Amino acid sequence: MSLTVTVLGATGSIGRSTTDLLSQHAGRFRVGALVGGKDAAALAKLALELKPDFAALADASAGPALAEALSGSGIPNGAGEGAVLEAVARDADIVVAAVSGAAGLKPTHAALRLGRTIALANKESLVCAGDAFMRDAERYGARILPVDSEHNALAQAMGDGRVADIAKMTLTASGGPFRTWTRERIAAASPTEAAAHPTWSMGMKINIDSASLMNKGLELIEAHHLFAIEAARLDVIVHPQSIVHGLIAWRDGAVTAGLAMPDMRVPIAHCLGLGDRLEIARGRPLDLAATGSLTFEPADEARFPCLRVARAALAEGGAAPTVMNAANEIAVAAFIRGAIPFYGIAELVERAVEHFAAEHRRAPEDVEEALAIDAQVRAWSLEAVPATRAAG
């Protein structure tokens, strides 16, 4: 019997990798719903290929274009928040949550409340409302499977091991485009340079988060919630080859690691397989002899202060990660449009966390509270951008 899969964020990089796998294994899966952001043409193309039960765009203004593109296809479609939530409400065995940023919180949580199996690529769900998400997952019987390559590798490396037996859980980072750059050179970097990731192609915002190592900071917070492990046992190491995605050091001295070629279809296939291994067409097998060497180096928080800021937010707890994520999304957007320099990202985020420390000490009780904090911090951060430019 085929499994029904809904894809949130179908037109993004994770979504495209997911739909590639769904096409390859058409006999195993059927598509319940496809949800995109605002690209009507891209979503319509996917819908015509995969024949979902429903297609939706988050941007209501793009609805007419989607309706026109799917005219005569017989595929029901809609646009706006209501349409997205309608897509989530439709029957599905697996929901791939790949909407980028805080915008993914509400639809991902809606799927969770229905007790779905969620292949989670939207790390902000756990960064912004991790306590509430994990609590509700247990309450509603939802299963959360990590799609991020690092967390998926760690989950596989754990096997049947106990978190209590872990001495250290380590996520790897490629180091991004600025791994070998001096601080002075990084300070003058352009958005185009920051987005030129050496290994992955993940979209402008995520690529810039990778350049600043904020992405790795977000992943530390995600790992804290996914594996119920405290910050003191989490670490980051730079690994330029992006072959080793995660390592677990056990208290007896043994180490297990998850290795794979840098191809997001590998962790996605692991999630979609629900215990079975799916063959990946056009995949590159890992050849360690051809790779030659695997190198590792410490993460430099002096050149990459966003990682330090994220570690501090995780250690502080409460709503600090929620505040940090909202400020970071505003700061990255400001950097992209040239309003602040690269190091202005870390500066603005750190100022925001400090500014809201007293007001938001406890973690959000639910998604609604997380989104309210998110909106408040975004408004403050927008007003703080001019001062950040002067200080940068």
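Start by selecting Asp148, in the loop between strand 7 (143-146) and helix 7. You are looking at a predicted model. Is Asp148 buried or exposed? Asp148 counts as buried because its relative accessible area is 8%, under the 20% limit. Now show its surroundings. Asp148 touches Leu120, Ala121, Lys123, Glu219, Glu222 and Met264, leaving aside residues up to four places away in sequence.

**Strands 8 and 10**

Select residues 166-173, which form strand 8, and residues 244-250, which form strand 10. The two pair in the antiparallel sense, over five bridges. Pick out Ile166: Trp250 in strand 10 stands opposite. Then colour helix 7, residues 149-158. Helix 7 packs on the sheet and touches strand 8, strand 10 and strand 11. Its direction makes about 40 degrees with that of strand 10.

In what order do its five strands lie? The order is 11-10-8-9-12, in an open sheet with mixed pairing. Strand 11 (255-259) and strand 12 (297-298) are the edge strands, and each pairs on one side only.

Go to strand 3, residues 54-57. Show the side chains. Phe54 and Ala56 point one way, Ala55 and Leu57 the other, and all are buried. In a regular strand, side chains alternate between the two faces of the sheet.

Val35 has Ala56 of strand 3 as its bridge partner. Follow the chain from strand 2 through helix 2 (residues 40-50) to strand 3: this β-α-β crossover is right-handed.

Ala56 has Gly78 of strand 4 as its bridge partner. Here the chain crosses from strand 3 through helix 3 (residues 63-69) to strand 4, and this β-α-β crossover is right-handed.

**Helix 4**

Select Leu85, in helix 4 (residues 81-89). Leu85 counts as partly exposed because its relative accessibility is 29%. Which residues does Leu85 touch, not counting those up to four places away in sequence? They are Lys106, Pro107 and Ala110. Leu85 and Pro107 are 22 residues apart along the chain, but their C-alpha atoms are separated by 6.1 Å.

**The nonpolar cores**

Switch to side chains. The largest nonpolar core has 93 residues. Which of them touch the most other members? Select Met169, Phe178, Met324, Phe342 and Ile345. Helix 15 (residues 320-336) gives this core its largest share, ten residues. Centre on Ile345. Leaving out residues up to four places away in sequence, Ile345 touches Ile208, Cys306, Asn328, Ala331, Val332, Phe335 and Ile340. A second, separate core has 35 residues, including Phe29, Val31, Ala55 and Cys271.

**Last stop**

Select residues 259-379. An unreviewed UniProt entry lists them as "domain: DXP reductoisomerase C-terminal". Colour by secondary structure: over residues 259-379 the chain is 57% helix and 2% strand. The end C-alpha atoms of residues 259-379 are 41 Å apart.

Methods:
Residues numbered from 1 in each chain as written. Predicted model: local features only at pLDDT ≥ 70, side-chain atom pairs only at ≥ 80, totals over all residues. Heavy atoms only, no water. UniProt positions renumbered as here; feature names shortened; annotations may be inferred. Helix = DSSP H or I, 4+ residues; strand = E, 2+ residues; numbered from the N terminus. Buried < 20%, exposed > 50% of the residue type's maximum accessible area, 1.4 Å probe, protein only. Pairing = 2+ DSSP bridges. Right-handed = clockwise from strand over helix to strand, strands pointing away. Contact = heavy atoms within 4.5 Å. Axes fitted to C-alpha atoms, helices over the stretch in contact; angles between N-to-C directions. Core = buried A, V, L, I, M, F, W, Y, C linked by side-chain atoms within 4.5 Å.
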